[in-house]
Amino acid sequence: MASLTLSNRRGGLWQQIRKEIKYAGHWLYIVPAILFFIGYQVYPIIRVFIISFTDYHYLRRDPIQWVGFQNYANALNDPIMYEGLLRAATFTALFLPGTIFIPLFLAVLLDRVKTERLASTYRLILLIPAVIPGPMIFVLWKWLYDFEIGPINILLVDGLHLFTYRTAPQWLGNTPLALPAIALMEIWWGLGYHTIFFLAGLASIPGEMFDAARVDGANEWQMFWRITLPRLRPVMLVLVVLRFGTAMAVIDEYLIFGGFNRGLPTYTWTVYMWHLAFQLGDWFQGYAAAIGWIGASAMLVVVGGLFYIFRNRD
């Protein structure tokens, strides 16, 4: 009896070891992803953080000197950085509402389409801009916004007769319309992608809730405010946080439409950081890294507030 019990214990222990080995083997599948994340995300962040406390210049052969918080002190007294942050915040304020409310409206309309083929066609049309490469988007919209030959101004001048060729709007350059014009391009570019987000959220809402609300006498507007919108709050949180981060950190569009002219509205803090790090003088990477961390810290504070605003209140 004792030998049988000992044998059963050994067998159970061996089965437990085999189970642990099996589960450990599953973790091996995510090792490449972890290594990629550490190498291309964590390490650069730590590296830039360290550089921000030094006088690092890529083109210099002199030893790197530790300067402590001097770069941060200089950046906090730099009016160009504050002006760049304000310009980025202005663009974000123009961009975010269109990123949330227009796709939400389209998603609600598409959700009411009951014909499967027609609904799929609408979704396909909306997703066309999302699959167009960025350089093509920039070339297309730069042509659309052209002062002389752009279709937008031609329509306003020759079609609607709202302006003359001398008074036609200057969409890009040193004009207040530059940031709204780029924001409109970004909204159009991500319209289908953001609409699909809301469609996925609408699909997760049980239809019985709407049926019960109709029985109780609720109209469409009341059902939207009391049922649809509260249950789309997690989707809105994800979109707002993601799009806020990308809007504040936009740089490619500004470089293409404005370049490194500090007088233009497109010269934001990200362009200033790039200008310092890779264009001006000896490439002041240490100072540029400090500006980057100040901007990122300010964004994290705002993101914390967004999480509080869109928190689950159920």
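Helices are DSSP runs of H or I with at least four residues, strands are runs of E with at least two, and both are numbered from the N terminus. The model described here is predicted, so local features need pLDDT of at least 70 and side-chain atom pairs count only at pLDDT 80 or more, while totals for chains, interfaces and linings use all residues. Residues are numbered from 1 along each chain as its sequence is written, and side-chain values use heavy atoms, with hydrogens and water left out.

Helix H4 covers residues 79–111, and within this helix arginine 87 and glutamate 83 are 4 residues apart, so about one helical turn separates them. Arginine 87 forms a salt bridge with glutamate 83, and the closest N and O atoms are 2.8 Å apart. A salt bridge is defined here as a side-chain nitrogen of Lys or Arg within 4 Å of a carboxyl oxygen of Asp or Glu. By this rule the count comes to 1 salt bridge. Arginine 87 is buried, at a relative accessible area of 13%, whereas glutamate 83 is partly exposed, at 41%.

Leucine 106 also lies in helix H4. Its relative accessibility is 22%, and leucine 106 therefore counts as partly exposed. Leucine 106 and leucine 86 are 20 residues apart along the chain, and 31 Å separates their C-alpha atoms. Contact means heavy atoms within 4.5 Å. When residues up to four places away in sequence are not counted, leucine 106 touches Leu126, Leu191 and Thr195.

The largest nonpolar core has 70 residues, of which Phe91, Phe198 and Ile291 touch the most other members. The largest share of this core, 11 residues, comes from H4. Such a core is a set of buried Ala, Val, Leu, Ile, Met, Phe, Trp, Tyr and Cys residues joined through side-chain atoms within 4.5 Å. With neighbours within four places in sequence left aside, phenylalanine 91 is in contact with Leu179, Ile182, Ala183, Glu186, Ala247, Val250 and Tyr254.

In helix H6 (residues 134–144), the buried residues are Gly134, Ile137, Phe138, Trp141 and Leu144. Seen down the axis of H6, these buried residues fall within an arc of 125 degrees, so they line one face of the helix. The arc is that of the directions from the helix axis to the C-beta atoms. Pro135, Met136 and Val139 are exposed on the other side of H6. The buried residues of H6 pack against helix H7 (151–159), helix H8 (178–189) and helix H13 (252–257).

The loop between H7 and H8 holds histidine 161. Phi of histidine 161 is near 55 degrees, which is a positive value in a residue other than glycine. Histidine 161 is exposed, with a relative accessible area of 62%. Histidine 275, by contrast, is found in helix H14 (residues 269–278) and counts as buried at 9% relative accessibility. Apart from residues up to four places away in sequence, histidine 275 touches Phe260, Arg262, Tyr267 and Leu280.

Isoleucine 205 is located in the loop between helix H9 (191–203) and helix H10 (207–215). At 8% relative accessibility, this isoleucine 205 counts as buried. Isoleucine 205 and isoleucine 227 are 22 residues apart in sequence, and their C-alpha atoms are 8.5 Å apart in space. Isoleucine 227 is also one of the contacts of isoleucine 205, together with Phe210, Thr228 and Arg231, once neighbours within four places in sequence are left aside.

Helix H2 (residues 31–51) gives the most to the nonpolar patch, with 3 residues. Tyrosine 29 is placed in the loop between helix H1 (2–27) and H2, and is exposed, with a relative accessible area of 70%.

Methods: Buried means under 20% relative accessible area, exposed over 50%, partly exposed in between (1.4 Å probe, protein chains only).
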